[in-house]
Amino acid sequence: MRIPFLSFSPQHDPLRADILAAIAAVYDKQWYVLGDQVKAFEQAYAQFNEVQHCIGVANGLDALHLALEALQVGTGDEVLVPSNTYIATWLAVSFMGATPVPVEPNPDTYNLDPTRLEAAITPRTKGIMPVHLYGQACEMGPILSVAQKHGLWVVEDNAQSQGAQWEGGLTGSFGAVNATSFYPGKNLGALGDAGAVTTKRTDLATRIQTLRNYGSQRKYYNEVIGHNSRLDELQAAVLSVKLPHLLTWTRQRQEVARLYNEQLAGLGDLVLPAVAPGATHVYHLYVVRTHHRDALQQHLTEQGIGTLIHYPIPPHRQEAYAHLQIPAGAYPLAEELAATSLSLPMWPGMRPADISAVADAIKSFFAGH
Ligand SMILES: *Cc1c(COP(=O)(O)O)cnc(C)c1O
């Protein structure tokens with residue numbers, strides 16, 4: 001038996017004809033960049049995310065970068081970021097010449113701990129970038145309170161959490177301007193790179209539209225030094241076919257998580273995902289923790305079960321951030337998570353038999369530990 005880390009089949013097989021027809025329509029129309037498909041998807045995604053504006057861009061990292069550029073982050077500024085996140089969140093800050101300042105997570109939810117924010121604020125702090133890690137919404141109420149009190153903006157990294165909620169509000173709708181990714185494996189995935197910025201603010205939406213397209217609203221008239229970071233018509237067409245199914249896929253992910261929770265309860269030192277009161281979890285990833293992580297991963301690999309580690313090295317320990325000279329042990333929670341986390345196979349439509357097979361393999365591992 002082989003169980004991959006991720007399979008697209010239950011999502012993509014039933015939509016094959018619709019997706020290929022959407023691609024063919026773009027092919028035949030012969031308009032490939034910034035056309036009707038991008039506009040239609042932007043409108044549909046803005047509506048889904050309950051914001052006034054969605055701006056399609058080339059990928060999630062660009063979405064983060066353009067969000068910070070629209071807010072005019074600059075050299076010398078400090079931005080509070082999670083100590084445990086995918087490095088993209090940090091890179092966007094660095095692109096602006098600003099400094100990412102790590103804040104440790106809540107050890108149960110792995111999301112930014114709002115009670116630790118104030119200690120990290122200095123006169124240079126400009127904003128906070130919560131990441132709804134693995135698909136669980138951050139505690140946005142307390143985070144927004146701290147931001148408001150100190151006059152900081154908030155930019156959500158919503159790459160892993162499309163459709164998650166904090167107290168009824170959707171992630172990607174709280175910050176001044178927010179970024180998401182449609183990388184293929186994300187909860188809403190394109191067939192290649194794609195991303196978007198979401199915002200309620202018309203001024204920032206206009207600025208980002210300009211920035212993503214060479215700093216231009218009118219062809220060959222350039223107002224600012226912009227980028228080429230546009231969402232392709234082809235990817236927009238594919239995303240428009242997939243978006244109406246996202247809520248169903250989310251429920252399917254939550255069902256997979258429920259079965260894992262049931263079958264993996266009480267095994268050795270295995271820690272299962274915890275959801276904060278007020279938050280929902282859309283299970284982009286189902287991440288467990290154990291001090292026997294490497295041995296467990298090895299055991300599962302030998303049984304043909306795919307797993308991944310999100311993430312093996314926290315950003316402050318990456319070579320790319322050696323210049324910050326942050327010593328090992330400075331962010332012990334992030335380092336502990338990097339050493340103990342393991343992501344199990346998870347995709348919408350994963351069969352109960354496959355879930356049980358993964359659970360049985362983990363049980364057999366802990367029987368010997
Ligand atoms: C995937 C991801 C990104 C970047 O998205 P890309 O489209 O791959 O550039 C940013 N932040 C987080 C938390 C992500 O998971």
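Student: Let's start with Phe41: buried or exposed?

Tutor: Phe41 counts as buried, at 0% relative accessibility. Buried means under 20% relative accessible area, exposed means over 50%, and partly exposed is in between (1.4 Å probe, protein chains only). Keep in mind that this is a predicted model: local features need pLDDT of at least 70, side-chain atom pairs count only at pLDDT 80 or more, and totals for chains, interfaces and linings use all residues. Residues are numbered from 1 along each chain as its sequence is written, and side-chain values use heavy atoms, with hydrogens and water left out.

Student: How many aromatic pairs does the structure hold?

Tutor: There are 10. Rings of Phe, Tyr and Trp (its six-membered ring) pair if their centres lie within 6.5 Å; planes under 30 degrees apart are stacked, over 60 edge-to-face, and the rest tilted. One of the pairs is Phe41 with Phe182, edge-to-face at 5.4 Å centre to centre and 80° between the planes.

Student: Where do those two sit in the chain?

Tutor: Phe41 is in helix H3 (residues 36–48), while Phe182 is in the loop between strand E8 (178–181) and strand E9 (195–199), 141 residues apart. Helices (H or I, at least four residues) and strands (E, at least two) are DSSP runs, numbered from the N terminus. Phe182 is buried too, with a relative accessible area of 0%.

Student: And what do Trp90 and Tyr321 form?

Tutor: An edge-to-face aromatic pair, 5.1 Å centre to centre with 65° between the planes. Trp90 is in helix H5 (residues 88–95) and Tyr321 in the loop between helix H11 (293–302) and helix H12 (332–340), so the pair ties together parts 231 residues apart in sequence. Both Trp90 and Tyr321 are buried.

Student: Back to Phe41: which residues do ring pairs link into a cluster with Phe41?

Tutor: Tyr45, Phe48 and Phe182 join Phe41 in that cluster.

Student: New topic. What sits over the ring of Tyr221?

Tutor: The charged end of Arg218, 3.8 Å from the ring centre. The criterion is NZ of Lys or CZ of Arg within 6 Å of the ring centre and within 35 degrees of the ring normal.

Student: Last one: is Tyr27 buried or exposed?

Tutor: Tyr27 is exposed, with a relative accessible area of 60%. Tyr27 is found in helix H2 (residues 16–29).
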